[in-house]
Amino acid sequence: MTRSERMQDAPASRQAAAVPGGSGRARQPSSRWQWQAPIVADPQRDTVDAMMARFGIRIASRLVNALRLVHLPLHCRNVRRSRAVLRTVRGFTGPGRAGRCLCYLRRVDPLLFEEVVLSMLEDAGLFVLRNRRYTGDGGVDGAVWMPGRGWYAVQVKRYRNHICEQHVGQFAEVVRRQGYAGGLFVHTGRSGAAVYSHLVAGKIVLVSGATLVRLALRTHRHSGEDDGDLD
């Protein structure tokens with residue numbers, strides 16, 4: 001039996017747990033596009049070659065984007081500030097670290113938060129392309145190369161409560177129209193069951209809750225750290 005066949009036969013609670021930003025409580029349908037390889041690597045399972053490859057990609061991504069943005073002072077300043085934000089949240093310690101991280105990210109300026117998310121992806125060893133202009137709501141906030149899949153559009157949203165289904169649907173249409181292989185919809189809110197039909201249609205992956213916090217803190221799902229009720 002193949003992995004995809006095992007996933008189709010698995011109980012819904014196990015399929016839900018495999019979705020980035022999801023948990024066993026979610027009621028989303030199974031879909032091969034609701035799961036990506038973990039963005040945050042597990043150092044206990046990693047190899048030296050893989051770590052060196054991600055390091056090289058991260059350096060190349062930073063260099064390319066520095067050249068692309070060299071004449072855009074606002075963008076350069078926000079990129080620098082994004083790394084300062086990540087240093088701040090990665091300095092959090094003690095119980096409730098994950099919750100404090102998410103609360104902090106919700107208070108970050110929207111344009112700065114776009115750069116913070118792209119810096120998270122870059123730190124994870126993915127090649128990102130930052131925009132040369134800020135698009136506002138509804139546009140693509142950047143792109144990331146997903147190995148073995150191609151270019152994924154990135155859209156970043158700050159929510160305090162549940163996300164807007166319409167936003168996910170619009171993003172799925174943008175991904176399809178602009179010819180991306182898929183999309184990452186990164187947000188700080190809660191994902192309602194209504195959005196999952198758009199994920200299949202647009203090959204969209206949600207990055208939120210515990211997955212977003214692990215990406216920000218550079219931890220992984222096997223670290224044993226308590227994420228609390230973030231999903």
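**Figure 1. Salt bridges in the predicted model.** By the rule that a salt bridge is a side-chain nitrogen of Lys or Arg within 4 Å of a carboxyl oxygen of Asp or Glu, the count comes to eight salt bridges. The model is a predicted one, in which local features need pLDDT of at least 70 and side-chain atom pairs count only at pLDDT 80 or more, while totals for chains, interfaces and linings use all residues. Residues are numbered from 1 along each chain as its sequence is written, and side-chain values use heavy atoms, with hydrogens and water left out. Side chains of opposite charge can pair when their charged atoms come close. Here Arg62, Arg83, Arg90, Glu115, Glu122, Asp123 and Arg130 are linked in a network of salt bridges.

Figure 2. Helices (H or I, at least four residues) and strands (E, at least two) are DSSP runs, numbered from the N terminus. Residues are called buried under 20% relative accessible area, exposed over 50% and partly exposed in between (1.4 Å probe, protein chains only). Arg62 counts as partly exposed, at 33% relative accessibility, whereas Glu122 is buried, with a relative accessible area of 1%, and Asp123 is buried at 12%.

**Figure 3. Glu122 with Arg83 and Ser61.** Glu122 forms a salt bridge with Arg83, in which the closest N and O atoms are 3.1 Å apart. That pair links distant parts of the chain, with Glu122 in helix H6 and Arg83 in helix H4 (residues 73–90), 39 residues apart. Arg83 counts as partly exposed, at 22% relative accessibility. The side chain of Glu122 also makes a polar contact of 2.6 Å with the side chain of Ser61, a polar contact being a pair of N or O atoms within 3.5 Å, where within protein one must be able to donate a hydrogen and the other to accept it, and residues adjacent in sequence count only if both atoms are side-chain atoms. Ser61 lies in helix H3 and is buried, with a relative accessible area of 0%. Leaving aside its neighbours within four places in sequence, Ser61 is in contact (heavy atoms within 4.5 Å) with Glu122, Leu126, Phe127 and Val128.

**Figure 4. Ser119 and its polar contacts with Ser82 and Arg130.** Ser119 has its place in helix H6 and is buried, with a relative accessible area of 1%. Its side chain makes a polar contact of 2.7 Å with the side chain of Ser82, and a polar contact of 2.9 Å joins the side chains of Ser119 and Arg130. When neighbours within four places in sequence are left aside, Ser119 is in contact with Val79, Ser82, Arg83, Leu86 and Arg130.

**Figure 5. The largest nonpolar core and helix H5.** A nonpolar core is a set of buried Ala, Val, Leu, Ile, Met, Phe, Trp, Tyr and Cys residues joined through side-chain atoms within 4.5 Å. Of the 33 residues in the largest such core, Leu105, Leu121 and Val144 touch the most other members. The elements that give two or more residues to this core include H4, helix H5 (97–106), H6 and helix H9 (209–217), and the largest share, seven residues, comes from H6. Leaving aside its neighbours within four places in sequence, Leu105 is in contact with Val85, Phe113, Val116, Met120, Arg158, Leu212 and Ala216. Apart from this core lies another, of 15 residues, among them Tyr159, Ala172, Val175 and Ile204. The buried residues of H5 are Arg97, Ala98, Cys101, Leu102, Leu105 and Arg106, and these pack against H4, H6 and H9.

**Figure 6. The loop residue Lys203.** Lys203 lies in the loop between helix H8 (196–202) and strand S5 (204–207). Although Lys203 is not a glycine, it has a positive phi of about 55°. At 34% relative accessibility, Lys203 counts as partly exposed.
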